[in-house]
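Colleague: Hi, could you walk me through this one? I'm new to it.
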Amino acid sequence: MAHDPILAYGALLDEDAADLYEHAPCGYFSATDDGLIVKANATFLGMTGYSREQFLGRIRLLDLLSIGSRILFETHLRPLLRMQGFVREIAVDLVCADRRQIPVLLNATERRQGEMSVLRVTVLDVTERRMYEKELLLARRKAEDAARARSDLIAMVSHDVRAPLGAALTAAAMLEKSTPTPQQMRYIRIVQSSTNQAVTLLNSILDLSALEGGRAILREKPFDVRQLVEQVRAGAELDAARNPALDVRATVDAAVPERLIGDRNKLGQVLTNLLTNAVKFTPSGLVSLIVYAREVSTDTATIECVVTDTGIGIPADRLTHIFEEFTQASDEIAEQYGGTGLGLAISRRLLLLYRSDLQVTSTVGQGTTFSFTLQLPRVAD
Amino acid sequence: MVFAHGFGCDQQMWRLVTPAFEEHYRIVLFDYLGHGGSDVSAYDAARYATLGGYADDVLEICRELDIEHAVFVGHSVSALIGAIAATREPFRFDRLVMIGPSPRYLNDAGYVGGFERADIDGLLDALDSNYLGWSSAMAPVIMGNAERPQLGAELTASFCRTDPEVARQFARVTFLSDNRDDLQRVPVRTLVLQCTDDVIAPRAVGEYVHAQLPDSVLTMLQATGHCPHLSAPDETIAAIKAFLR
């Protein structure tokens, strides 16, 4: 005779369902329209320390919530329940029989039948999870405070360093006019170039600290894309003038609108950083900037700026590190080429203001390509 | 009729009530900044540091739409926002309807608001936990709801969506400020709708509001909770209609 396991085990299986209700890993209860709790499983009673007699038909849902959670429930959850019939994973505090509070995640579903409704609620004890969450929040707050303190310090110190540097430059300029001997002139040039280097470094640090401290804001105005690109290209060409083996070119796709609305200075700073790097690390060949139109609508244009060089390239294992502050591809690079290692970090943070990011691909000995996309509003005709 | 939503919600919470007034009134609905479909980027923490900033927004809407001698219906904190707006420009509203108002939530000497400072800190913690830890919980997924055909199918996913920072400040401004002095200055006839068993605005507070207002009617509703316009729309409509008649 055929043996039907479901029939044979029927009674046992039914018992399983009841057992699951009672001893499920989460608390479970049902409340009537006016919040009176009429059914609850053993897990919930164990969690809150109530006896079945104390609990059923005597306690209301709101009585179980801390006062803060009650306000949240009445102002947020009740309307949500009424409108959509359920709420999911709401963090509230339950008050136990001994007045102890435990943090829980609550799911509730409202079942309606005519004028009557029942609220079915599952409750998950998240004491440990909440502790972990609080630690994370605390750590984040501490980190943010530390970053702010550091950036304030940098801003203050930088200001104090800038004044004497300015004085040194002024003094050097005056010396230059006092008919120095050729040897004195050489010394003056050393003073000037070292001081200028220090000022550049200082400016970069200030930029970065403003960006880190969240003080940098976008100043968006209409600007001429081609004019900006030409200006950046001309600057890079001047940089490359010492190297006759290097060519600098820039192209803007014809589909890129003439005028877009954006922060011209910050965009210019990013492009200049990328081109200056490219020129620095390309002994011969070509550095090119191309601006592509990726998507142009009546209101906005998405453009992609791509800077490609035929330079020394970046080893694959260093690619992710080059965006870190004060980091260069290697110590030898830093020694040979100089620089602060801040340019890419700054560029990346500037682009973050536009929710954009720098992409990089590189082959050692063949060259590097940096690119980013921006969606900018068009100037209304 | 201008309907103003309370803390934690947006204009969609009026959808069960407004149809009853459409025949005789022009209905004006809006979301406070940071709520529902509003433009969060226009939020200015300094402006909204007191309920006065919100009242100015209400008046700005009135100016823009040329609203004068209207009825203002405010739920919860909006009842007080309406009181301030009506005091600043009395010709805007001829009648106020306050649903579950409370001019001060904290207990004070000789005054029972219902809450202690620690309770409000608990609310702020609860807000933090929900917005920071489980933000999906506060961005509900609205789907076709066969059990609630009266809500219509077009209910959007923005229902009750509030910007976390805004919610935090609005909670502070709502639950920590003291607007008791504003009540005596309200220059128009006001209906105070008081629910049974409202933990946010207990009956004693409703009675206090009624006693302080120069010209008011207190109507006790059978409805329980803090949102009678959602839980008992018919009773709420009837009470407002009786007051406006």
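Colleague: Let's start in chain B: where is B:Asp197 found?
Modeller: In the loop between S5 and H7 of chain B. Helices (H or I, at least four residues) and strands (E, at least two) are DSSP runs, numbered from the N terminus. Before we go on: this is a predicted model, where local features need pLDDT of at least 70, side-chain atom pairs count only at pLDDT 80 or more, and totals for chains, interfaces and linings use all residues. Residues are numbered from 1 along each chain as written, chains are lettered from A and ligands numbered from 1 in written order, and side-chain values use heavy atoms, without hydrogens or water.
Colleague: Is B:Asp197 buried or exposed?
Modeller: Exposed, with a relative accessible area of 56%. Buried is under 20%, exposed over 50%, and partly exposed in between (1.4 Å probe, protein chains only). B:Asp197 also has a positive phi of about 55°, although it is not a glycine. Most residues other than glycine have a negative phi.
Colleague: OK, and which residues of H7 in chain B are buried?
Modeller: In that helix, residues 203–212, B:Val205, B:Gly206 and B:Val209 are buried. Looking down the axis of H7(B), they fall within an arc of 100°, so they line one face of the helix. The arc is taken from the directions from the helix axis to the C-beta atoms.
Colleague: What do they pack against?
Modeller: Strand S4 (93–99), helix H6 (180–183), strand S5 (189–196) and strand S6 (216–224), in chain B. Contact here means heavy atoms within 4.5 Å.
Colleague: Switching to chain A: which way do S1 and S5 pair?
Modeller: S1 (residues 27–32) and S5 (residues 116–125) of chain A are antiparallel, over six bridges. Strands pair if DSSP finds at least two bridges between them. A:Tyr28 has A:Thr122 as its bridge partner in S5(A).
Colleague: And how many bridges join S1(A) to S2(A)?
Modeller: Three, again antiparallel, with S2 being residues 37–40 of chain A. There, A:Phe29 has A:Ala40 as its bridge partner. Four residues lie between the strands of this hairpin, where A:Gly35 takes a positive phi near 90°.
Colleague: What about the largest nonpolar core, how many residues are in it?
Modeller: It has 83, and A:Phe29 is one of those touching the most other members, with B:Leu96 and B:Phe93 also among them. Such a core is a set of buried Ala, Val, Leu, Ile, Met, Phe, Trp, Tyr and Cys residues joined through side-chain atoms within 4.5 Å. Helix H2 (residues 77–88) of chain B gives the most to this core, eight residues.
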